[in-house]
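Dear colleague,

Please find below the structure that I am handing over to you. A short account of the findings follows it.

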Amino acid sequence: MNFSLIFIALSMLSNPVYTVPTNIAKTYSLQNGNITAKLFINATTGSENAAITLLKLKPEAKIATHTHKNSDEILFIRSGSLQMTIGNNTFTAGSEQVIFIPKNIPHSTMVVGDKTVEVIQVYAKPGPEQRFTKGKLLQ
């Protein structure tokens, strides 16, 4: 699948548009290839207020409980299902559902089923996505 995500930065003086094509966005592999993260928009591409990443989680992928001190997180599940724990609430979320995780709230996730899950992840205040750069750079 080839697509690009478009980020529109608005300011009082101008309205520049930045496009990060899928072949330019850096992709990282984590957890022995069970997670890939393609970083489209973040502080390294000029965004001061948001970040967007395409995540692919294989069935073996698990993301341990963690928090984001300065960033809200929004997940759009493109395909597959996840078991999420946010604060004290555990639930299953599936394709075309949106999940909102406020900053400072502990959360974790794991894949439900035997299919790879695709998630578009947005941080309102970039920064947490930089943890993916600790993985192996694929492109």
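Two strands are said to pair if DSSP finds at least two bridges between them. Strands themselves are DSSP runs (E, at least two residues), numbered from the N terminus. This is a predicted model, in which local features need pLDDT of at least 70 and side-chain atom pairs count only at pLDDT 80 or more, while totals for chains, interfaces and linings use all residues. Residues are numbered from 1 along each chain as its sequence is written, and side-chain values use heavy atoms, with hydrogens and water left out.

I begin with strand β3. In β3 (residues 26–30), four of the five residues are buried, that is, under 20% relative accessible area with a 1.4 Å probe, protein chains only. Five bridges join β3 to β4 (residues 35–41) in the antiparallel sense, and Thr27 stands opposite Lys38 in β4. The two strands form a hairpin with four residues between them, and Gln31 in the turn has a positive phi of about 50 degrees. β3 also pairs in the antiparallel sense with β13 (residues 136–137), over two bridges; here Ser29 has Lys136 as its bridge partner.

The nonpolar cores come next. Such a core is a set of buried Ala, Val, Leu, Ile, Met, Phe, Trp, Tyr and Cys residues joined through side-chain atoms within 4.5 Å. The largest has 20 residues, and those with the most contacts inside it include Leu57, Ile77 and Leu82. Among the strands that each supply at least two residues of this core are β3, β4 and β12 (117–124). A second, separate core of seven residues includes Phe40, Ile41, Leu54 and Ile120.

Yours sincerely

Notes. Buried means under 20% relative accessible area, exposed over 50%, partly exposed in between (1.4 Å probe, protein chains only).
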